[in-house]
Amino acid sequence: MEKFQRYYLSFLLLIVYTNTIAQVNCNAVEGENCKKACELYNWASDRQGSRESQEAFDKAIGLCPDFSNSYMEKAVPYLKNGDFVSWKFLIDKAVAADPKMHLGYRGWCKFQFLRDYNGAIKDLEDLKIYYPDDLGRSLNGDYHLEVVKAMSYSALGQKEKAVGIIEKLLASKGYFKGMYDHYQLGVTYFELGRYDKASENFEKQSKEYDFAENIYFKSKVSKIRNKDYLDLKKLALATYDEGRTMKDVYTHHFNKVYRKQIAEL
């Protein structure tokens, strides 16, 4: 319970962070036109997605094409609405103007929204130039970006590489675990047929924060080992019905499991 509270506190801090990061101190921006662009950006950020907001971002870009935040924030409604072509056009301009600030965000979105795993890996590797010691976390706070890279390798079939990245991260001093780290590691071990290691990580996940998908994979391991798995299956279904599942506001988690899959086990 204590560990779950840590995750919950981390999530609340992330909400505060993402609600304030859009606002920029325009007094620190050099050049009169860029200061005006910054002020327009701050005004428009509070009205994200509206026609007035998008028009204000256009004016800001016209005043100061090097002010990268305008491209990034203008791109967000396109991402949320599934217009990935328009989003990519704008986010690429943001990255070109300030790669240090926007590479991690673009890499995360390529993974989570576009399932562009090669593109995600490329962005996160490039980000190491600026942050060699710590890439930071995904925008939703669920994952360290090294885990995002590992999941991308896993999706591309390079599962041993994925395992190595997550194991190294978990063993590193001072690392603050993501909500689903042991689950994702466990699933990768499961796919490699290393059921002892898979079970070990599913158990660790259960102790820190349990949910239907994790219990489902525990039941799969038991079934493979010819052990009684039906109680775990029932628990997974009950947990699913209680709403304790992997959730994301806009997309589906990597290695997400649905009720039908549990019921058919």
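Modeller: A nonpolar core is a set of buried Ala, Val, Leu, Ile, Met, Phe, Trp, Tyr and Cys residues joined through side-chain atoms within 4.5 Å. This is a predicted model: local features need pLDDT of at least 70, side-chain atom pairs need 80 or more, and totals for chains, interfaces and linings use all residues. Residues are numbered from 1 along each chain, and side-chain values use heavy atoms, without hydrogens or water.

Colleague: Which residues have the most contacts inside the largest nonpolar core?

Modeller: The largest core has 62 residues, and those with the most contacts inside it are Tyr105, Phe111, Tyr143, Val148, Tyr183, Phe217 and Ile262. A second, separate core of 12 residues includes Cys38, Ala44, Phe57 and Ala60.

Colleague: Why is Asp123 called buried?

Modeller: Buried means under 20% relative accessible area, exposed over 50%, partly exposed in between (1.4 Å probe, protein chains only). Asp123 has 1% relative accessibility, so Asp123 counts as buried.

Colleague: What does Asp123 touch, not counting residues up to four places away in sequence?

Modeller: Contact means heavy atoms within 4.5 Å. On that basis Asp123 touches Leu103, Arg106, Gly107 and Lys110.

Colleague: What makes the buried residues of helix 9 line one face?

Modeller: Helices are DSSP runs (H or I, at least four residues), numbered from the N terminus. In helix 9, Lys159, Ala162, Val163, Ile165, Ile166, Leu169 and Leu170 are buried. Seen down the axis, they fall within an arc of 165°, so they line one face of the helix. The arc is that of the directions from the helix axis to the C-beta atoms. On the other side, Lys168 and Ala171 are exposed.

Key: Helices (H or I, at least four residues) and strands (E, at least two) are DSSP runs, numbered from the N terminus.
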